[in-house]
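Biologist: Could you walk me through this one, and tell me how you know each thing you say?

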Amino acid sequence: MLRLILRRLALSIPLALIASMISFVLVPFLPGDAARALLGPNATAAQLAAAREELGLNLPLWQQYWNWLTGALQGDLGTSLISRQPVTELLNARLEPSLSLIIGATLVASVIGIAMGIRAARRGVLGRVVDSSSILALAIPDFWLGLVLVVIFAVQLQLLPPTGYVSVTDDPGMWAMSLVLPIITLSLPALSRIAKQTRDSMATALDGTYVRTLRAAAVRENSIIYRHALRNAAVPILTVIGLVFVGALGGTVAIESIFAIPGLGSTAVQATASRDLPLIQGVVVYFTLITIVVNLVVDLAYGYFNPRVRVK
Amino acid sequence: MDHVRASNAEGIGSPQPCSQQAAAAEDAITTKSLGSRIKSFFASGAQRNAGKSPKSSVAARGGALLAGFLVVGVAMTGCSGNGGGTAATGAAYTKDTVTFATSVVPPSLNPAVGDPAYAPLYHWAYDPLVIMNGDGSFSPGLAEKFGYVGKGNQTYELTLREGLKFSDGAVLDAKALKENLDYTRSQTLGTATTLLAAVKNVEVTGQLTVRLTLSRPDPGLTFYFAQAFGAGYPISPKSLDKPATLDAATAGAGPYMLDPAETVAGDHYTFVKNPNYWNPERQHFESVTVRVIANPSSTIQAIQAGQVQAALGDPTTLSAARAANLQVVAPPQALTGINLADREGTKSEPLGNVKVRQALNMAVDRKAIAKALYGSEDLALSQYALEGQVPYSEELNEKYPYDPEKAKALLAEAGYPDGFTLPVLTTSLASLDKLTRAVAGQLEQVGVKLELTTQAAAPDYFTAMVSGKYPAAVIGYGLADMNTLWAGFVNKAGPFNFFKTVDPELDDLYNQYRVADQEAGAALQKKINERLMDQAWTIPVVGAPLSYYIAPGLTGFDATSANAGVPLVTDLRPAK
């Protein structure tokens, strides 16, 4: 187990390096730069040149990357060109909202999705309802759903705040309240994917000969489903949950905009719009690390549910 | 001091009664019971379904919920007159805190390196030196007296009020003001540096008076010092010694100061009362929060839910804000249209002919576009100034009336009877792409086909624009006077004059205007406007509004075209 973790962590270093290199190389292909973003349309050529000099944008790209990399290897992701704040400090402040949102949405989607999937695998009307509602949930655009939920629950019923995020350390109650609508919005499409995968995996598992044997041995149905079939069906479901988590990283961009949550997604958009290269790099590193950790957790979970994976 | 505008008025933000008195937006989360809210919501759903006979109670509830979704979906897009929520009748806003929402905040809170776009954040902590009122007149801000000395607009004096202090306790006197102006002029970033480029020297001439000597005539200083631009927002000298502290803290002489402990940069900024403020009557609230909400629809919803009380609006949500019963202050502020920049015909030969440019001006039905895009024909714009501004001339509105037949004839006269194809750069910023498409549709009627290239992000659009690849580009340019129009548009170094057109007659008019006194200057500004119209430098189409939304029960935003659509945000106060 430890070897698996160490090997995965060792692999993550070149992965993060490649990801950072790709984004560093691609960003300059975009027109405009941070100096233009800072000075606006009325800046003269002389002002732009002075700002580029001050921001270090005149250095060759490889040198900019090398400067960034040497700092990054020592845990210093540099300073934002626009806000002039340390990138690590800036992103750490935005990590909590994004992780609260993504973990919350993944948990909600997993619990409800698996429950629905299991119920649907037992066929009948509910199975068909789950199938059709899955497609419907996937078809609803998240930004639209978010705005509608706000109108109902914040504007009309006034049960929940329409926008904003409160840190869990400031007020746990308000933290939970501020996350309800964003989590519902983010989890709905994920929920349907998990439900569908669970239904298919469980249907296959329940068709297995061992299930027939268990039933013949008068084992209780709940035990068959939860202790035997679900365990066998777990690997593909876990894969989807892992993908859902990673996909939610991208999904936060729209959700954070609608609900005015200061997270990594909205920071990524702002950084790209203003060509703030160190901040873009920082977001890439954070996203890469989160993805690596999630994949590692999923791999470890495979081992828990399926001993054959552990042996391998 | 020749024509210093002195005043014994109370100064900053003399209350301007708002015509729209309305009720308080109480935070209904605390005022209504959960049960009654749910009951009233479903009751409204039931009313919508009245007269129908649902097959089952489950179906009925499902139908009501679905109907609810559809109805609110429509309301959200601004097509419904029912905004719902808290916009009801009642008393004035009574809470001692207020929340203002904006979609943009500066990377640094230091106003000397900032941009006027961030004025709604700066104002809380930094008072400007001068106030520009809704009627275009100037009032004292922190400066009690201000204006040019002698003739020629090359010497300017500012005299501060007595007894001013910064939030950190430092004294604001002439010496501190000089330090500020020198600091601002020495920056490489920020708009204020550009605005004060003509200032050669700042000299302390009295305890409270500084004299600015200019290297060239510049008639715009009073406007630059007012709230729209805020050049030279005084900052405490204690902080000027360590300017990095100004990125995430404030040290101004405004009514409030930032509370860093209650602030998360990029999300919300909390301001508390400045104990040293010179006029406590202007501190209408105990604390103020500025929240960042990037999504315009979310902003309206936040006001409806009572979470936010006032906000910077957005052109795309004007109708929705009105439908939600919010007070909407939306004065026309920017010239939007098509900038026919290649006036020598370098990239597009037809544009080199003034008759072609004039013909294009006659082929556009501005009122129809203004109505379609902003819901009001009144926003149609056909010149380089807005009603209420000094260079505005009523007669110029008739110079290029909508007349496609005459446009065709003029095109034929210029040698293009079958029209031509014109590459045009556009952007989705501020919905300018919609305006471009509307213009394209109308120009097609006279045979001119626009070949559109759209750049979504601001840096991409500006970079493509100044590249000189496109002979014409959509333009959005804030209008105030002919001096500010020079900086980015008429000046051959200006980014919106990207083919670097030089018109000797225009230059001559500008040279006269720069040294003229106020009266002669006004006449010359009108002549400049006329000249630009004669030469048809652009196709002005709509005076795009700069908008503010205010919850019922509050008032105070004195924003008109005359003061560039920028109120002193700290005038926000409970309606009486």
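This is a predicted model: local features need pLDDT of at least 70, side-chain atom pairs count only at pLDDT 80 or more; totals for chains, interfaces and linings use all residues.

Biologist: Which residues touch B:Ala310, if you skip its neighbours within four places in sequence?

Modeller: Among them are B:Phe100, B:Tyr548, B:Ile550 and B:Leu572. To be in contact, two C-beta atoms must lie within 7 Å. Now take B:Leu340, 30 residues along the chain from B:Ala310: their C-alpha atoms are separated by 38 Å.

Biologist: What makes you say that helix 11 (residues 354–362) of chain B is largely enclosed?

Modeller: Just count. Seven of its nine residues are buried, so the rest of the structure largely encloses this helix. The buried ones are B:Val356, B:Arg357, B:Gln358, B:Ala359, B:Leu360, B:Asn361 and B:Met362. They pack against helix 13 (404–413), helix 14, strand 15 (448–455) and strand 17 (538–545) of chain B.

Biologist: Which residues of helix 12 of chain B are buried?

Modeller: In that helix, B:Arg366, B:Ile369, B:Ala370, B:Leu373 and B:Tyr374 are buried.

Biologist: How do helix 12 and helix 14 of chain B pack?

Modeller: Helix 12 (residues 366–374) and helix 14 (residues 432–444) of chain B have axes 11 Å apart, at an angle of about 145°. The crossing is right-handed. On the helix 12 side of chain B you find B:Ile369, B:Ala372 and B:Leu373, and they meet B:Lys434, B:Leu435 and B:Ala438 of helix 14.

Biologist: How many of those contact residues are nonpolar, polar or charged?

Modeller: Five are nonpolar, none is polar and one is charged. Lys counts as charged, and B:Lys434 is on the list of contact residues.

Biologist: Let's move to chain A. What secondary structure does it have?

Modeller: Chain A comes to 13 helices and zero strands. Chain B, on the other hand, comes to 18 helices and 20 strands.

Biologist: Which helices cross in chain A, and at what angle?

Modeller: One pair is helix 7 (residues 142–156) and helix 8 (residues 172–206) of chain A: their axes come within 9 Å and cross at roughly 145°. That crossing is right-handed. Residues in the contact include A:Leu145, A:Leu149 and A:Phe153 of helix 7 and A:Leu181, A:Ile184 and A:Leu188 of helix 8. The contact residues divide into nine nonpolar, two polar and one charged.

Biologist: What makes helix 11 (residues 264–273) of chain A largely enclosed?

Modeller: Seven of its 10 residues are buried, so the rest of the structure largely encloses it. Among the buried ones are A:Leu264, A:Thr267 and A:Gln270. The cover includes helix 5 (87–121), helix 10 and helix 12 (277–305) of chain A. A:Arg275, with a positive phi near 55°, follows helix 11 of chain A.

Biologist: How many residues does the largest nonpolar core have, and which have the most contacts inside it?

Modeller: The largest nonpolar core has 244 residues, and A:Ile194, A:Val283 and B:Val542 have the most contacts inside it. Helix 10 (residues 221–258) of chain A gives the most to this core, with 15 residues. If you leave aside neighbours within four places in sequence, the contacts of A:Ile194 include A:Ala109, A:Ile114, A:Ile237 and A:Val244.

Definitions and conventions. Residues are numbered from 1 along each chain as its sequence is written. Chains are lettered from A and ligands numbered from 1 in the order in which they are written. Axes are lines fitted to C-alpha atoms, for helices over the stretch in contact, and angles run from 0 to 180 degrees between N-to-C directions. Helices (H or I, at least four residues) and strands (E, at least two) are DSSP runs, numbered from the N terminus. A crossing is left-handed if the near helix is turned anticlockwise from the far one by less than a right angle, and right-handed if clockwise. A residue is buried if 20 or more other C-beta atoms lie within 10 Å of its own, exposed if 12 or fewer, and partly exposed in between; C-beta atoms are placed from the backbone. A nonpolar core is a set of buried Ala, Val, Leu, Ile, Met, Phe, Trp, Tyr and Cys residues joined through C-beta atoms within 7 Å.
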